[in-house]
Amino acid sequence: MATRSKEEIIADVERWAKERLANNEEVVYIDDRVSSIGFRKEEIKNTVMTTKKLNAVSDETRSPKPETRMTSSGEWQNTTDLLTLQSMISGCTKCELHKTRKNFVFGVGNHNAKVMVIGEAPGADEDEQGEPFVGRAGQLLNKMLLAIHFPREEVFIANILKSRPPGNRDPKPEEVAACEPYLWKQIELIGPKMILCVGRIAGTNLLKLEGESLAKMRGKVFDFMNAKVMVTYHPAALLRNPNWKTGAWEDLQQFRKLYDEITSDETH
């Protein structure tokens, strides 16, 4: 087999870095240990600087994300802010979904939100962009929230799962078990007054009401981690069946009324 020069290997590293950045993937930096195979430190330094410059260019064209870093098991549980939590868990491999996802969808919104919206799992658009509810269903969700005077940027939006199930299938129990502690930690750090679960799967998994129908959960108020929880239709379901929008509007009005009552009591 032909021996490749150091220059050829360094060029391959640069191409590899460009490809990963183009796919919105993390770049693993080379460190001084590589010098043990014969490279001069100046060459390694130049290659590292090249990948850092590539990262800087990439950051100009996509939303900034906290740096992903490896953590010991359970270390993330002690963090006290969302950005650190995101950096600690976004490389999670606890379930098989990490093998097929494009992006870990942490969640987005106001870190001190009084309202959280929780869905089921990322879809294709969310997996592509790394943000929950960005497709047609996301646009409808924005309108639903605005209708009760909650702009998207004032709430925090997350999902039961942080990784997309292939083909948008329902989450498996082991996937929920692996991922839900992250959601609980988000709720703990944000401390919302109210949570709106959109869809049966979000409601049954958060509230541990296995087998419960959406019809039986709608209109009721549940307690979860010091927050009041209500359940309504998923925006994707409303797109498929517009006749359900009347019921969804009733749920949203009840949600807003309860929110006003809770926050009004706190000011007196």
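Predicted model: local features only at pLDDT ≥ 70, side-chain atom pairs only at ≥ 80, totals over all residues.
Local features here need pLDDT of at least 70 and side-chain atom pairs count only at pLDDT 80 or more, while totals for chains, interfaces and linings use all residues. Residues are numbered from 1 along each chain as its sequence is written, and side-chain values use heavy atoms, with hydrogens and water left out.

Reader: Which side chain of opposite charge is nearest to Arg 101?
Author: Happy to look! Arg 101 is buried (under 20% relative accessible area, 1.4 Å probe, protein chains only). Arg 101 has no salt bridge (a side-chain nitrogen of Lys or Arg within 4 Å of a carboxyl oxygen of Asp or Glu). At 6.7 Å, the nearest side chain of opposite charge is Asp 127.

Reader: Which side chain is joined to Arg 101 by a polar contact of 3.0 Å?
Author: Start with the backbone: the oxygen of Cys 92 lies 2.9 Å from a polar atom of the Arg 101 side chain. A polar contact is a pair of N or O atoms within 3.5 Å, one able to donate a hydrogen and the other to accept it; residues adjacent in sequence count only if both atoms are side-chain atoms. The side chain joined to Arg 101 at 3.0 Å is that of Ser 163.

Reader: What is the volume of the largest cavity?
Author: A cavity is a set of points on a 1 Å grid over the protein atoms alone where a 1.4 Å probe fits but cannot get out. The structure holds one cavity of 30 Å³ or more. Among the residues closest to the centre of the largest cavity are Arg 101, Cys 92 and Ser 163. Its volume, the space filled by probe spheres set on the points, is about 100 Å³.

Notes. Buried < 20%, exposed > 50% of the residue type's maximum accessible area, 1.4 Å probe, protein only. Lys, Arg positive; Asp, Glu negative; His and termini not counted. 1 Å grid on protein atoms, 1.4 Å probe; cavity = no way out; pocket = protein on both sides within 12 Å on 5 of 7 lines; lining within 4 Å.
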